[in-house]
Amino acid sequence: MGLAWRLFGNPALRLIDSERAHSLSMRALKSIGESRTGRSVLNSLYKTPEVPIEVFGKLFHHPLGLAAGFDKGAEALLAWSAMGFSWCEYGGVTRFPQEGNPKPRMFRANKHRALVNKMGFNNPGASEMRKRLALRKTVDRWPKSPVAANIGRSKKVPNDHAGDDYAATIDLLWDHADMFVLNISSPNTPGLRDLQGHEYLESILHSCNRIRSKKKQQKPYLLKLSPDALDDEIRSTISFAQKLGIDGIVATNTTIKRPIPLSTQSRKAFSTGGGLSGRPLQSRALEVIHTAFDETDGKIPIVGVGGIDSKDSAWEAIISGASLIQLYSALIFNGPTIVSSIVKGLKRRVTESGFSSISEAVGYKHI
Ligand SMILES: Cc1cc2nc3c(=O)[nH]c(=O)nc-3n(C[C@H](O)[C@H](O)[C@H](O)COP(=O)(O)O)c2cc1C
């Protein structure tokens, strides 16, 4: 408990600026993750049971991973598996380095268990990331569990050249991820969501496929969707992307919609432009998972993300069609114990429901 308190639960962290609290947690996680003792302490505190599932030809110890945006610079890769996650996604990374939007750009709405962020892909750029990740590998600090890279479009590159921008980043990071998430759904880069339209999507996937065809090993490409598109648009984007060789869907990114505020703090957070995550996103994310599974007949894996903060919301995402799930906001509001609590809950649900493995539960709601 002491460590959880230090990392996320310290009440002082709740009083200071959200991004600063996040940076302090990240700094602690980075140093704990880099030390063998630190990792074994995390491990003994947050050990998760096995609820194995094979996705994209890889064995995941259980479905729950860390969502994009928390570890933008892939600085704490070893901490995530020690904390019980079975996989993690670093980034968003863009081809060119970016500072992101001016601060403050991350706001909490505690009563809603929601965050609003307008980070704007602050990251060191793909070349610098490649250097850092290569170094991490040479000193044997690469996790054994699967790692995804979240790829965004550089702000200075217009949509007409987005294909080359995404492809160049994938090319640079190819050796440093097991799968690539094409993020065309962040609300914080002007025009990014327009990339869900067929013309742009075609050019992006063609450029990315060209890179992949030159590599010896095939790695999956996933498309991360916005919860704000209409269901018909979501179906159309998915079926088009499937024809162009996409391997999986991530549903969903943050929303630009807002609930009615319940406090001064949430009024302030909700009046800020940017993407809302956490509990208020849960029901829409579930709908999108359901729609995606329906549209694809369950033929390509779906990663469910958005408001997952309990064993029940995690289970709902899985029976709606998600083979893998992720969370971000729940780590802020619940602390790291949320990881093992969800995975233990999933294990119990699998047994109680009479399934022989969790893969039998995926999309069960559709039967
Ligand atoms: C501060 C912050 C930064 C984020 N950055 C990214 C990002 O770079 N790329 C991305 O695809 N999603 C990003 N996300 C979205 C999350 O990956 C996730 O889709 C969203 O938060 C919903 O999950 P949650 O309700 O569990 O937080 C970010 C979310 C937050 C709160």
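Me: Which residues are exposed on the other side of H14?
Reply: In this predicted model, Thr351 and Glu352 are the exposed residues there.

Me: And which residues of H14 are buried?
Reply: Ile338, Val339, Ile342, Val343 and Leu346 are buried. They lie on the same side of H14, because they cover an arc of only 125 degrees around its axis.

Me: What covers those buried residues?
Reply: The cover includes helix H4 (36-46), strand S3 (64-66), helix H12 (311-320) and helix H13.

Me: What span does H14 reach, and what is expected?
Reply: Helix H14 (residues 337-352) has 16 residues and spans 23 Å from its first C-alpha to its last, close to the expected 22 Å. Just after the helix, Gly354 adopts a positive phi of about 80 degrees.

Me: Turning to the ligand, which residues come nearest?
Reply: Of the 27 residues around the ligand, the nearest are Gly69, Gly92, Ser277, Tyr328 and Ser329. Strand S4 (87-93), strand S6 (114-117), strand S11 (275-278) and helix H13 (329-334) each give two or more residues to this shell.

Me: How many of the shell residues are nonpolar, polar or charged?
Reply: The shell has twelve nonpolar residues, 14 polar residues and one charged residue.

Me: Now the largest nonpolar core: how many residues are in it?
Reply: That core has 107 residues, and Leu182, Ile249, Ile289, Ile318 and Ile325 have the most contacts inside it. Helix H7 (residues 162-173) gives the most to this core, with seven residues.

Me: What does Leu182 touch, leaving out residues up to four places away in sequence?
Reply: Leu182 touches Ile151, Tyr166, Ile204, Cys208, Tyr221, Leu222, Leu223 and Lys224.

Definitions and conventions. Residues numbered from 1 in each chain as written. Predicted model: local features only at pLDDT ≥ 70, side-chain atom pairs only at ≥ 80, totals over all residues. Near = placed C-beta within 6 Å. Helix = DSSP H or I, 4+ residues; strand = E, 2+ residues; numbered from the N terminus. Nonpolar A, V, L, I, M, F, W, Y, C, P; charged D, E, K, R; others polar. Core = buried A, V, L, I, M, F, W, Y, C linked by C-beta atoms within 7 Å. Buried ≥ 20, exposed ≤ 12 C-beta atoms within 10 Å, placed from the backbone. Contact = placed C-beta atoms within 7 Å. Expected span 1.5 Å × (residues − 1). Arc of directions from axis to C-beta.
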